[in-house]
Amino acid sequence: MFRAIFISLSESRGLRSFAEKSAIGRRLSSRFVAGMSVEDALAATKATNSRGMSVSVDNLGENVTNLDEARESAHLYHELIDEIVERKLNANVSLKLTHMGLDIDEAVARTIVNEVVGHAAKRDNFVRIDMEGSPYTQKTLDIVRELHRTPGNAGHVGAVIQAYLYRSEKDVQELCAEGIRIRLCKGAYKESPEIAFQAKEDVDANFVKLMKILLKSGTYHGIATHDPKMIEATLAFARAEQIKPDSFEFQMLYGVRRDLQEQLVRDGWRMRVYIPFGTEWYPYLMRRLAERPANAIFILKNLFRR
């Protein structure tokens, strides 16, 4: 029921207009989204860098409806990569394959993404291919592997693994064997019991298991979580195994638990902040709530938290 409500809200032009113009809407936007433009995102990146944290910049959007939109989205990423390098910012970029036209023409989408990754490689930067719902999991990982094997791209493209999927342990082992960098997260999409853990304790247990594999792999990975228990489990394992703080990074969302982000940096651990921007913030937020309505409580709590 809640999922249907949030999906309906995401499609309401009237509510979107009201949200983007209202005081609470602007507050939500400024708290969790860096702004509407590339310049907004770069300014937020610079400010985040000044706090001792690196950044992954994401232009909000997915499931474009035509290839012109996909090419325009890719053009923006090319601009982002150049600006990050020219301004000497400590940042890379994240993108979704459906934002690059995967649903419209897979061959064209592969070409578009390969050009973005190739550009990042030439400028010694990095592209994280975000993970979407389970219908895209295998195709996304296949494309990441293809990109990573392309001459010159190795080390400049990475994947995202969602700990709540049963298949994730096998995926982690295979990606690690190829030296592909991983962002590990719990996962926020609504998936069936046939393919995903449903109980929080089971997701947490699998997250910890996968985290340990990543930290022992010898490749630089990202542990993406705001859960204090998962963070403490990661810290405890790293200390017990004498894993150096500069051999992996924590990752958190822009505007969420900034106090915890800063504390980890003060304690000597690496932190990367995921900074989204763009005009699609309202439908993006509603869809995220549709994927897991419990996120609404989480966002409301953090709206009033430093």
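1. The protein contains 13 helices and 8 strands, and the coordinates under discussion are those of a predicted model, which should be kept in mind throughout the points below. Of the 306 residues in the protein, 55% are buried. The exposed surface comes to about 14000 Å², with carbon and sulfur atoms supplying 54% of that area. Among contacts between residues at least 6 apart in sequence, 72% join residues that are at least 24 apart.

2. Strand β4, which covers residues 157–162, is mostly covered, since 6 of its 6 residues count as buried, that is, they fall under 20% relative accessible area. In a regular strand the side chains alternate between the two faces of the sheet. In β4 both faces are covered: V157, A159 and I161 are buried on one side, and G158, V160 and Q162 are buried on the other.

3. The neighbours of β4 in the sheet can be named on either count of pairing. Strand β3 (residues 127–129) pairs with β4 in the parallel sense over 2 bridges, and R128 has G158 of β4 as its bridge partner. Strand β5 (residues 181–185) also pairs with β4 in the parallel sense, here over 5 bridges, and Q162 stands opposite C185 of β5.

4. From β3 the chain passes through helix α7 (residues 137–149) to β4, and the three elements make a right-handed β-α-β unit. Strand β4, helix α8 (residues 168–177) and β5 likewise make a right-handed β-α-β unit.

5. Helix α6 (residues 106–122) deserves a separate comment. Its 17 residues reach 24 Å from the first C-alpha to the last, which is close to the 24 Å expected at 1.5 Å a residue. At the start of α6, a side-chain oxygen of D105 comes to within 3.1 Å of the backbone nitrogen of A107, while the helix is followed by D124, a residue whose phi is positive, near 55°.

6. Which residues of α6 are buried? They are A109, I112, V113, V116, V117, G118, H119, A120 and A121. An α-helix has 3.6 residues a turn, so residues three or four places apart point the same way.

7. Is T45 buried or exposed? T45, which lies in helix α4 (residues 38–50), is buried, because its relative accessible area is 0% and the cut-off for burial is under 20%. Setting aside residues up to four places away in sequence, T45 touches V55, V57, L89, A91 and I275.

8. N63 sits in the loop between β1 (54–59) and α5. When neighbours within four places in sequence are left aside, N63 is in contact with T98, H99, D103 and Y136. N63 and G101 are 38 residues apart in sequence, yet their C-alpha atoms are 7.0 Å apart in space.

How values were computed: Residues numbered from 1 in each chain as written. Predicted model: local features only at pLDDT ≥ 70, side-chain atom pairs only at ≥ 80, totals over all residues. Heavy atoms only, no water. Buried < 20%, exposed > 50% of the residue type's maximum accessible area, 1.4 Å probe, protein only. Helix = DSSP H or I, 4+ residues; strand = E, 2+ residues; numbered from the N terminus. Pairing = 2+ DSSP bridges. Right-handed = clockwise from strand over helix to strand, strands pointing away. Contact = heavy atoms within 4.5 Å. Areas by Shrake-Rupley, 256 points an atom, 1.4 Å probe, with all protein chains shown as cover. Expected span 1.5 Å × (residues − 1). Polar contact = N/O pair within 3.5 Å; in protein donor to acceptor, adjacent residues only side chain to side chain.
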